[in-house]
Amino acid sequence: MAIALAAQWRSARYLATDLPCRVSAMAAAFAESGCPMLRATPLIWGGAPPPQSDGGGAGASLVLLADLLYFRGSSLFEPDTLEPLAETVRLALAARCSFALCCFRVRDRRREAHFRALCEARGLAISEPLSEARLATMLPPGSATDVEATGPLRLWRIRGQAGPGTGTDDNSPRVEE
């Protein structure tokens, strides 16, 4: 996803995160892509996102969550990942003029509703800027490469609490149908 975005919008800087064991493979793919604006770093959910390496301030203007809600941890003995993920999203959206787009195929409606409730309990607002029907015309369920992902595509826009200075007032970026 990061390589596709960087190829489309070369003027932006991108910081992609993953589990520590996956970062070196991601960094190698970024180097091979020829997009110097891509950077890979580890992120363990529950903690603060990594700082900007260029001194441009703490926090990104856009946080992209791509198909993360299904991941429960690497074993049955690990705690569920939704609480730490919701906390990391809250910390990432603390910057002015930031918001997140969370895109996923529906796999477990109760789990997805639980993540939404966790975000809302942290003061985050979630809206759906594109309807399920509109998203289905853009990327039909049969086009998914993940055999477990046959459900409809969903897109959530996540923002911090509304109000001046929070980055979620009427001047924040919009995703429209």
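1. Let's start with Asp 80 and Arg 111, whose side chains meet in a salt bridge at 2.8 Å, N to O. The term covers a side-chain nitrogen of Lys or Arg within 4 Å of a carboxyl oxygen of Asp or Glu. Asp 80 lies in the loop between E3 and H3 and Arg 111 in helix H4, so the pair ties together parts that are 31 residues apart in sequence. Helices (H or I, at least four residues) and strands (E, at least two) are DSSP runs, numbered from the N terminus. Asp 80 is partly exposed at 35% relative accessible area, whereas Arg 111 is buried at 7%. Here buried means under 20% relative accessible area, exposed over 50%, and partly exposed in between, with a 1.4 Å probe and protein chains only.

2. A word on how to read these values. This is a predicted model, in which local features need pLDDT of at least 70 and side-chain atom pairs count only at pLDDT 80 or more, while totals for chains, interfaces and linings use all residues. Residues are numbered from 1 along each chain as its sequence is written, and side-chain values use heavy atoms, with hydrogens and water left out.

3. How many salt bridges does a search of the whole structure find? The count is nine. As background, side chains of opposite charge can pair when their charged atoms come close. One of the bridges joins Arg 154 and Glu 132 at 3.9 Å, N to O. Arg 154 lies in strand E6 and Glu 132 in helix H5 (residues 132-138), so this pair ties together parts that are 22 residues apart in sequence. Arg 154 counts as buried, at 15% relative accessibility, while Glu 132 is partly exposed, at 36%. Salt bridges with shared partners join Arg 116, Glu 120, Glu 128, Glu 132 and Arg 154 into one network.

4. Please look at Arg 22 and Asp 18 too, which form a salt bridge at 3.8 Å, N to O. Both ends count as partly exposed: Arg 22 at 43% relative accessibility and Asp 18 at 26%.

5. Leaving out residues up to four places away in sequence, Leu 85 touches Trp 45, Leu 65, Leu 68, Leu 69 and Phe 115, where contact means heavy atoms within 4.5 Å. The C-alpha atoms of Leu 85 and Gly 46 are 5.9 Å apart, though the two residues are 39 apart along the chain.

6. Which residues does Phe 115 touch, not counting residues up to four places away in sequence? They are Leu 69, Leu 82, Leu 85, Ala 86, Val 89, Trp 156 and Ile 158. Phe 115 is buried, with a relative accessible area of 0%.

7. Finally, the rings. Rings of Phe, Tyr and Trp (its six-membered ring) pair if their centres lie within 6.5 Å; planes under 30 degrees apart count as stacked, over 60 as edge-to-face and the rest as tilted. By this rule there are two aromatic pairs. Phe 104 and Trp 156 are edge-to-face, at 4.9 Å centre to centre with 80° between the planes. That pair links strand E4, which holds Phe 104, to strand E6, which holds Trp 156, 52 residues apart. Phe 104 is buried at 3% relative accessible area, and Trp 156 counts as buried at 4%. The rings of Phe 115 and Trp 156 have centres 6.5 Å apart and planes at 5°, so they are stacked. Phe 104, Phe 115 and Trp 156 form one aromatic cluster.
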